[in-house]
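These are my notebook entries on a structure that I looked up.

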Amino acid sequence: MKKEALIPEIAVITDIRIDTPDVRTFRVVTPDGKKPFEHIPGQCAMLSIPGVGEALFSITSSPTNTEYMEFSIKKCGCVTNFLHAVEPGQYVTVRGPYGNGFPVDTAFRNKDMLFIAGGIGLAPLRSVINYCRHHRKDYGKIDIVYGSRSMQDLVDYKEIIDEWCHEDGIHVHLTIDREQPEWKGHVGFVPNFVKELQFDTNKTAVLCGPPIMIKFTLAGLQELGFKKYQIYTTLEMKMKCGIGKCGRCNLGDKFICKDGPVFRFDQLEELPDEY
Amino acid sequence: MQKMMQDRARELLSSGKVDRVLGWIEGDFVYDVTPHVFRENDIDQLIYHSFASQNLSKYLVGETKKDGVIAVFLRPCDSYSFVQLLKEHRFDREKVYAIAIPCLGKVDAEDLRAMGIRGITGVTDGKERIILHTLYGDVEKEKSEVIAERCRKCRGVHAPYFDERLGEELTKEPLTDRFEMVEKLEKMTAEERFAFWQDELSRCIRCNACRNVCPACTCEKCVFDNAASGIENKAPASSFEEQNFHIIRAFHVAGRCTDCGQCSRVCPQGIPLHLLNRKFIKDINSCYGEYRAGADLEEKAPLNRFDVDDCEPGDVVGKGE
Amino acid sequence: MKKIQLSLLPKLLSAIAAKKALYLPVDGKAGADYKRYEEGDTLSRACRTNRSAKDFFFPQVEDMAAFRVEGKKIEIIDTRKENEDFVIFGVRACDVRSFDILDRVFLADPVDTFYENRRQHATVVSLACDAPEETCFCRQFDILAEDPAGDVAAWIVGDEMYFKAKTEKGKKLLSSLDVLLADGDSAPVEKEKKHLEAIQHKLPISEFNKEHFKPEDLMEHFNDPAWAELSEACLGCGTCTFVCPTCQCFDIRDFKTNDGVLRYRCWDSCMYSDFTKMAAENPRHTQLERFRQRFMHKLVYYPANNDGIYGCVGCGRCLAKCPISMNIVKVVKKIGGKKA
């Protein structure tokens with residue numbers, strides 16, 4: 001019988017990195033040690049633990065990584081609670097990739113990029129940021145604004161400090177919500193920080209974070225003169241099938257799992273506000 | 001009666017005594033009735049006839065969370081649900097103006113269809129007789145021939161906790177003994193009874209209509225919808241699970257079920273769910289003395305109190321027969 | 001065109017059942033429903049079954065895969081099996097159309113192999129409607145109840161039943177029954193069709209402005225204030241979605257068995273409060289939004305993605321089954337009627 005899209009493949013967690021008190025990054029390969037499948041930055045995959053459940057996660061690693069896939073996962077529900085308790089060597093099931101992904105080879109090409117993330121919202125952006133770093137000459141200047149509740153809640157802090165901050169043409173702007181003694185950087189919420197930074201309006205912006213951050217950052221960018229068609233985001237909705245059939249992530253005439261999760265804000269304007 | 005209700009509702013609205021009126025509105029067909037919240041502008045569309053079948057009291061749970069006072073029309077069966085909900089503190093009594101209205105028994109379009117009465121376009125209600133106007137001519141019937149099962153056992157008496165009565169109280173003798181079928185089931189062997197319920201419950205599609213319409217089912221989060229409960233399910237994984245849903249539901253409403261019969265009315269698969277509840281009612285009556293949920297606001301329910309001389313249910317009905 | 005005396009229909013049914021699994025609507029305790037044919041079963045003449053015929057291709061519950069879990073290790077077991085060939089006999093035009101609507105979802109790339117497998121093994125024998133209910137409105141969706149689609153179409157005219165093969169599958173079925181069937185003249189069927197069409201035109205649900213639901217007016221319909229009133233009495237049960245022949249939302253769940261885990265899918269309903277609930281948020285907070293979703297999907301979203309075809313076949317089941325009698329006809333009249 002031909003391959004069924006809803007039946008997953010087996011994969012193994014080979015490494016678990018503790019990023020923050022409630023975020024861990026899981027490295028996943030097939031049982032024979034290969035990357036499960038190819039993907040585009042911004043696409044997602046279904047991970048499951050049989051008996052616990054199946055859930056959709058954005059693929060955090062860049063497609064340019066040929067050895068494995070990574071998922072940064074925040075502990076917040078049934079499947080994620082279980083994943084946070086497992087050790088390397090744990091089998092999971094995986095299927096995908098799902099969704100449209102970011103237009104890295106079309107609309108983003110040769111553009112100055114502005115990535116804005118809050119909290120776990122960095123997870124889907126890390127894939128596209130690392131993709132742009134890998135194909136550095138295809139993109140203009142890169143600005144990354146990243147904020148979290150506290151220093152300890154910044155995901156991928158080590159990679160940001162050790163790698164991103166030292167590369168030419170990449171500017172990283174970190175912020176945390178409240179003062180901390182050991183923190184020398186900016187303090188304040190992401191939307192205000194973005195306004196303070198007074199970015200050039202010729203950039204292409206990508207937003208990801210909690211709904212409240214998205215709402216105010218979008219307004220802030222528009223105040224700076226950004227147009228909605230310059231701003232992208234990636235949506236999160238409950239999904240079960242991943243292939244536009246189960247009906248759960250239906251938003252207007254779109255299915256987030258198939259037609260999204262990446263949308264431009266001018267596209268979202270045409271859709272019901274149910275996300 | 002309909003005219004009287006419209007007039008009274010209009011009075012209550014214009015005097016400012018109430019802000020909204022909960023009643024029934026007709027759709028494309030005379031039997032296509034929907035509960036509706038009326039205001040002054042649409043109160044002349046309020047209807048009341050043999051097809052106004054839905055009970056309204058459960059809507060008060062949501063409606064009294066809004067501002068203002070709402071008037072509600074309570075048929076006798078609904079008046080018991082009203083009191084039971086009140087007893088369980090499910091709505092704010094201060095925000096409700098309850099009007100008791102008489103009921104001559106309701107008629108379900110699906111039952112009529114099964115009797116071969118189709119294409120119904122109108123109805124003329126009488127006390128004893130009903131005339132159904134259809135595309136194929138009028139059909140006149142004795143009320144007792146056509147009224148719904150849930151109405152056949154009704155005595156027409158209201159639970160006495162309303163604010164006013166509209167129309168007269170129409171007391172009547174029940175047309176059937178409501179425990180007749182329960183007794184039949186009790187007399188069956190365990191195998192026969194199992195086969196009976198297997199046949200009925202296997203038709204269930206787990207649409208939750210019985211639960212959602214039930215005035216005793218007002219949990220904010222039903223155990224079957226709660227992922228954390230460990231028994232959450234949307235569909236039966238086995239035929240046993242299907243029975244599980246209905247049996248747990250029957251247990252949960254035991255002693256609180258007012259026997260309004262809405263569960264069986266709404267079942268799209270025609271499962272006689274009320275029989276499960278009636279078995280509990282019958283057992284409670286025989287173990288602890290006659291009790292009617294929703295009849296009294298103060299009285300403690302038999303399953304909520306303990307007396308030293310309470311019987312052991314096992315002694316009365318036998319164990320695992 | 002082939003025909004058979006109605007009195008010989010039982011013989012024909014047994015002949016089909018001897019070769020393939022046969023399902024047909026049979027009158028039961030609480031109305032007609034499809035069941036597997038057993039000797040002695042008679043075809044129901046009811047115009048509508050309680051449950052729709054979607055069950056044949058998209059059952060309420062079906063296993064998807066099994067898992068064996070041992071410590072950290074997991075093994076996947078493909079539990080799919082090739083379906084048996086089967087015949088559904090006596091499907092009405094509305095339900096036949098619903099298969100097309102479901103096809104566009106389940107057979108779209110990537111194909112749902114569970115659905116596809118059943119679809120490939122099925123032969124659909126449809127039956128023209130001679131006694132529609134007043135709640136029927138399939139004609140509003142350009143479905144001809146007197147001339148149903150399917151692999152074989154059938155008509156009952158007087159004491160005879162006529163058959164016309166419409167597909168290769170249908171021809172095969174009829175030729176396999178050749179000994180029982182006589183050649184029939186198409187004239188009586190054509191005459192019957194005219195008669196049945198005339199009945200259709202008398203049905204009460206006629207002023208039905210579905211054309212006003214256009215994909216380009218998506219946001220206008222979405223923001224219509226009338227949704228509040230239409231949804232106010234909705235109980236939030238799933239009756240309308242489960243009896244609907246075109247509702248196809250599903251959930252995927254795991255069930256722990258003695259020796260592993262069974263992954264199954266089951267019908268789900270956009271009317272349920274947990275349908276879109278995530279760990280932290282629910283984008284559809286109230287019943288208004290859930291109610292609106294169901295009708296917007298059928299009348300605007302589905303047509304937008306499927307060449308303007310509406311996701312309703314006018315079978316009337318939701319009209320007959322909704323506990324509070326709220327249904328698509330009322331929605332179309334209220335919201336579609338405004339621009340008339």
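**Entry 1: the two domains of chain A**

I looked up how far apart the domains of chain A are: the centres of domain 1 and domain 2, taken over C-alpha atoms, are separated by 24 Å. Domain 1 of chain A covers 9-98 and domain 2 covers 113-234; such bounds come from an automatic or database domain assignment. I noted that the model is predicted, that local features need pLDDT of at least 70 and side-chain atom pairs count only at pLDDT 80 or more, and that totals for chains, interfaces and linings use all residues. Residues are numbered from 1 along each chain as its sequence is written, while chains are lettered from A and ligands numbered from 1 in the order in which they are written.

In chain A, 15 residues of domain 1 are in contact with 14 residues of domain 2. On the domain 1 side, strand S1 (9-20) and strand S5 (69-74) of chain A each supply at least two residues. Helices (H or I, at least four residues) and strands (E, at least two) are DSSP runs, numbered from the N terminus.

**Entry 2: chain A against chain C**

How many residues does each chain bring to the contact between chain A and chain C? I recorded 34 residues from chain A and 42 residues from chain C. Strand S4 (53-58) and strand S6 (91-98) of chain A are the elements that give two or more residues to the chain A side. That side of chain A has 15 nonpolar, nine polar and 10 charged residues.

**Entry 3: particular residues of chain A**

Strand S6 of chain A also holds A:Pro97. I found a cis peptide bond joining A:Gly96 and A:Pro97, with omega of about 0 degrees.

I next noted two residues other than glycine with a positive phi: A:Asn110, near 65 degrees, and A:Asp156, near 60 degrees. A:Asn110 is in the loop between S6 and strand S7 (113-118) of chain A, and A:Asp156 is in the loop between strand S8 (142-148) and helix H3 (157-162) of chain A.

Which of the terms buried or exposed applies to A:Asn110? A residue is buried if 20 or more other C-beta atoms lie within 10 Å of its own, exposed if 12 or fewer, and partly exposed in between, with C-beta atoms placed from the backbone. A:Asn110 has 8 C-beta neighbours inside 10 Å and so counts as exposed. A:Asp156 has 24 C-beta neighbours inside 10 Å and so counts as buried.

**Entry 4: chain B**

I counted 13 helices and nine strands in chain B. Its radius of gyration is 20 Å, close to the 20 Å that the globule rule gives for 321 residues, so chain B is as compact as a globular protein of that length. The radius is taken over C-alpha atoms, and the rule is 2.2 Å times the number of residues to the power 0.38. The C-alpha atoms of chain B fill a box of roughly 60 × 50 × 40 Å along the principal axes. Of the 321 residues of chain B, 39% count as buried.

Domain 1 of chain B covers 1-174 and domain 2 covers 177-321. In chain B, 22 residues of domain 1 are in contact with 17 residues of domain 2. Helix H3 (76-87) and helix H6 (149-152) of chain B each supply at least two residues of the domain 1 side. H3(B) gives the most to that side, with nine residues.

**Entry 5: chain C**

I looked up helix H11 (residues 328-336) of chain C, whose buried residues are C:Ile328, C:Val329, C:Val331, C:Val332 and C:Ile335. Seen down the axis of H11(C), they fall within an arc of 160 degrees, so they line one face of the helix. The arc is that of the directions from the helix axis to the C-beta atoms. Among what covers these buried residues are helix H6 (218-222) and helix H9 (287-305) of chain C.

C:Pro110 lies in the loop between helix H2 (93-106) and helix H3 (113-121) of chain C.

Key: Contact = placed C-beta atoms within 7 Å. Nonpolar A, V, L, I, M, F, W, Y, C, P; charged D, E, K, R; others polar.
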